[in-house]
Amino acid sequence: MPLQGVCWLLCCRQGFSLLGRDYGEKEEEESFELRNKDDLTPNGQSPAEVIHVSQPTRTANGTNGVAVSDAADEMKSLILEKNKMGLEEEPEILVKGWLLREVRGNWIKQRRFWFVLSQDSLDYYSGPEKGARRLGTLVLTSLCSVIWPDKQTFKETGYWSITVYGRKHCYRLYTKHFNEAVHWACAIQKIIDTKAPVETPTQLLIQDIEENKFNPEVVEHIYQHNPILKYTHGPLYAPLLPFPYGSLAHTYHHGKGYGSLNEEAVKLFNGLQQLESAHDAVPIIQGVLQTCLDLRPLRDEIYCQLVKQTSHTPAPYTAAHLRYWQLLTCMSCTFLPGAAVLKYLRFHLKRIQNQSPESEMDNYASFISEALEKTKCRECVPSWEEIQMLMSRQEMLCTVHYPGPGCCQLYISSHTTANEVVQRMQQRLGLKDSKNTFALYEQNALWEQPVSGGALIADILTSISSKECESKGQRKLCFKLYCLLDADSISVDSIEYLFLFEQCHEMVIRGQLPACEEDLQTLAALRLQAVMGDFSTHAPCPPLEQLFPGHLLEARILVAQALPTCQVAAPTGCPAAQRLLVGALWSHAAAAHKQKVEKDLRLRSRVKEEAAAVMGAILERWRGLAGSNCRDSMAAYLAIARQWSGFGCTLYEVDFYISSTGSFSQKLWLGVAASSVSLYRQGEAEALESFPYGQICSYGVSDSNTFKISAGGRDMLFETNKLSEITQLMNAYFNATRLQRGKGDAVKIHEGTPVGFRHPSAPALLELPSHPV
């Protein structure tokens, strides 16, 4: 026993002498937790015989230690070779020169050092002369990262800065010359790109399991001899997968409180372990999912951590352990792992099902396997309600409204799309045989937007819930007519006729139906007769804004009450005159404010008077409709609306329009209908221009806020914020038109691709990307 102790002490002394360095800052050697695959697998032995990795533990000097067979001798030889190289032969120098480095002491200051970049490291010395003392080394691996110079740092400090992140060190370097900073950044990045990818023991073991998945004995041997793959009570000191070094301060997520990816991976594992004792698991699960949404590289890491914590668990059937399965369920319905981790996860699920059939773990594993077949990357973190439903493997209840007071409740999963809900609503409401098409809309009292057909309903509901909290306004999901292809075929007794009536009335209220004031009052009276029946003094009457476009009243009054502006002559000359000017300006400002308040009061008073007069006229017309039933009133309403040539089109506001022929205008309506695209002046019934679809050569997004249509030998540009909606609707009309005319299949649409140009006259170009509903 004493002899063994002496040998151990000698080995320790030899190891420390090899690791010691005689220059200013010391950097620990790369831990064997991050090793190249070629270094870990000697020739002639199987992976199961070579790799015996235990759970990373904290060693005395703060590094992460991992037990690897034959690692000591290999490490010894590597260090000796490196030391010999430093003593006997100089490494090839790629770049060298003076740079300022940020040194942190009692205060931050910059010091000048001589930097040398070689194929393996970035070193800095006290000077350029031979024999100068080496003060520090940053070993370059594939996980190092470089932050390029930016203008903000130059404006603040007067220096161009580059930052190099290593495993233990971060060098912030400064120079006054931009070209020099770029040259160093390019050279360092080029070295990093040439390095072989670093693989962790967990990655190598996953590869071994994949290679031996049909040999249960070898797989079991790997699990038994590598505790890093199994459940642990202790903390994790390093991530299971490799991540680039460096903080996230320079990324989009700066300001959200995230550290480096390595730090966040370890924090997430600590959060996972809190699930076992937490009273309510939903906040922890939601926090983990939010981190994975923000930091995409961590998704594979969390999957590996969850597989680890659900393997060889001491008490697998307890409620605390099932929390891991519940989080794994939520992850599988929110994010897909990478290909290698996905194979590992599928193998793990099958293994659990074979080991624990007819158990709760078996049920979760089966649910997760099915979810992985359907999952698409989510845009939002699942809501509180959705997480609770997923934890119990149940579906959510979704309320879908439709025109009028009706609504339907449907059960949906995390994978249900808008197209699926539209099909179910059509089936439930008896609209499967309709010639028109339908879509879901996200809607509130003042705003609506169509939902893309491939959008996940769970994301839409989460978005609606968060927007309601922010705006304190009621939002809902609505099922409505989308493409009105054949209004004449709609039966008066069908629910589709009610859809047409309600959506036409919405256009009237928004002021998108050009009509004279008498027609608008008649439409309001017909609306009251259809909804409330015969006039009665005891019946509650809806407010005017639900019957008549209110902005017309304000516009008419403002035109009539246009007031001349006051002008004040500015005295010049002596200081006394200037004091008089200041006093006059103050008195004029007070008078102007008082005049504005009085003007607003007069305007409100006039609006109330005009509204009362209009409401009185509407009630008189309502009295005259006594005896008309609901169907006749709706038919009369739509008959007036059909007098407009653009009836059935969807209007989009266009801020600016210019044509290649030189004509231009502002504040127009772009009307997209079943047979053509038309331009209207706002409030006018006659179209300025109309382009049948047969004349349109191409259409699509020109830039961030410009829509382009090529028709009739000229190009037209429209500035609008409804780019995707216009493209979606035109795509839908072109598809429907081609199907009805029997000219082949519909346009093939690729979900989730950017909006691009479409050429409806050329079949070969119909598969260009677009955003349909």
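Strand 19 and strand 20 (residues 706-711) run antiparallel and are joined by six bridges; strands are DSSP runs of type E with at least two residues, numbered from the N terminus, and two strands pair if DSSP finds at least two bridges between them. Ile696 has Ala711 of strand 20 as its bridge partner. This is a predicted model, in which local features need pLDDT of at least 70, side-chain atom pairs count only at pLDDT 80 or more, and totals for chains, interfaces and linings use all residues. Residues are numbered from 1 along each chain as its sequence is written, and side-chain values use heavy atoms, with hydrogens and water left out.

The open sheet has seven strands in the order 18-17-16-15-21-20-19, with antiparallel pairing. Strand 18 (687-692) and strand 19 (696-703) each have a single partner strand, so one side of each of these edge strands lacks a neighbour in the sheet.

## The hairpin of strands 10 and 11

Six bridges pair strand 10 (residues 396-401) with strand 11 in the antiparallel sense, and Val400 has Cys408 of strand 11 as its bridge partner. Five residues lie between the strands of this hairpin, where Gly404 takes a positive phi near 95°.

The side chains of strand 11 (residues 407-412) alternate: Cys408, Leu410 and Ile412 point to one face and are buried, that is, under 20% relative accessible area with a 1.4 Å probe and protein chains only.

How values were computed
Helices (H or I, at least four residues) and strands (E, at least two) are DSSP runs, numbered from the N terminus. Buried means under 20% relative accessible area, exposed over 50%, partly exposed in between (1.4 Å probe, protein chains only).
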